Amino acid sequence: MIEKRNDWQERLSPRVNAIAPSGIRKFFDIAAQMEDVISLGVGEPDFVTPWSIRESCVYGLEQGYTSYTANRGLPELREEIARHYADEYGCSYDADTDILVTVGVSEALDLVMRAILAPGDEVLIPEPCYVSYQACTILAGGKPVAVPAKIENEFRITPDELEEHVTPRTKALLIGYPNNPTGAIMTRKDLLAIAAFAEKHDLIVISDEIYGDLTYGGEKHVCFSSLPGMQERTILLNGFSKAYAMTGWRIGYALGNKAFISAMTKIHQYTMLCAPITAQIAAIEALRHGEKYMKKMVAEYDRRRHLIYDGFTKMGLPCFEPKGAFYIFPDITSTGYTSDEFAEELLKAEHVALIPGSAFGACGEGHVRCSYATSIDKISEALARIENFLKNHKR
Ligand code: PLP
């Protein structure tokens, strides 16, 4: 008889055991047990999806659109995406071969890593960065290589910094600007230097541009694929969650050359089949008529950005003034707390939830991430509570 084992943890995939649970979720779980919590933790718009987008979905349901779609997504949606990238950035993507509609950028990130990585392949990842980048790389059998970005350089990465981490195993570079968690953006000049670096080392570039529509102070997002010669080697990821307040719909897409997109589609057709038809119908409406609503939301984020930046600066927590996305990343080293301690003590003492910078990579330590995708009133109240915390808890 086979002896019964109960070492379940050891029997899990080593890849799963190699990744830590998200440092973001832990704080949601603590906050969920408390009352009167103001959350600056969630990276999610506080707006409801604009009505015309919701209405298009309702109408689609009334018409009986409830089936699977083509694996790659509805042709009309892919055509709208191709049109959008042609109009906005002068890129030329073929709706039939170069576009895959996914279940959010999250699925696209997972697919891209599984499509391009052989075991042990290295991916350069500027940090601090979104929590999924490392995890998706590891789950696909690759090795994430962190490249610290410096606050002195406004969290922008340079070719010299990347150069220090290149090895013969480096397969790809994964960048995410506007950046979560810092709010940093890269100028055209910065990106041209990165493009030359990618060319020199013949790297695939994965560019997560989910916050591309959320820039402030006259800054215009530069799409990496639009740089000379870059469309060929770039897999561009984008989605509707942030710009159109559509997090719960789970819809995004990947753009790239035929080989990349076919490989990703091959995985997607077995694991996901297709993105939800309801979300795809809504996404068409978002691209066709959603821009005016998106612009209003961006203007509101900008007001909040000023308020929160001034608030932290006045209370003596230095921060880089964010130029994109909806996060600010104040430096809390003067308090004597680690970022984890700061987040936990603040939550317990003042019921304000934010995320320790260490959740976004080791170089995020000494900072905390605050989302300003919440109302002006809540931000004001949170700032008052944080100021109170600083008065009573300085080490
Ligand atoms: N990429 C970045 C940088 C993000 O911040 C997020 C969500 O917070 C995602 C991707 C995931 O987006 P989606 O909702 O499209 O899966």
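The model is predicted: local features need pLDDT of at least 70, side-chain atom pairs count only at pLDDT 80 or more, and totals for chains, interfaces and linings use all residues. Residue numbers start from 1 along each chain as its sequence is written.

The open sheet is formed by 7 strands in the order S2-S8-S7-S6-S5-S3-S4, with mixed pairing. Strands (E, at least two residues) and helices (H or I, at least four) are DSSP runs numbered from the N terminus, and two strands pair if DSSP finds at least two bridges between them. Strand S2 (99-102) and strand S4 (143-148) are the edges, each pairing on one side only. Neighbouring strands are turned by 20° against each other on average, direction ignored.

Strand S3 (residues 122-127) pairs with strand S5 (residues 170-175) in the parallel sense over 3 bridges. In S5, Leu-173 is the bridge partner of Leu-124.

Contact means C-beta atoms, placed from the backbone, within 7 Å. Axes are lines fitted to C-alpha atoms, for helices over the stretch in contact, and angles run from 0 to 180 degrees between N-to-C directions.

| Helix | Lies across | Angle |
|---|---|---|
| H4 (residues 75-89) | S2 and strand S8 (252-255) | about 115° to S2 |
| H6 (residues 132-139) | S3, S4 and S5 | about 155° to S4 |

The ligand is surrounded by 13 residues, the closest being Gly-104, Val-105, Ser-106, Gly-239 and Ser-241; a residue counts as near if its C-beta atom, placed from the backbone, lies within 6 Å. Helix H5 (residues 104-116) supplies the largest share of this shell, 3 residues.

Methods
Contact = placed C-beta atoms within 7 Å.
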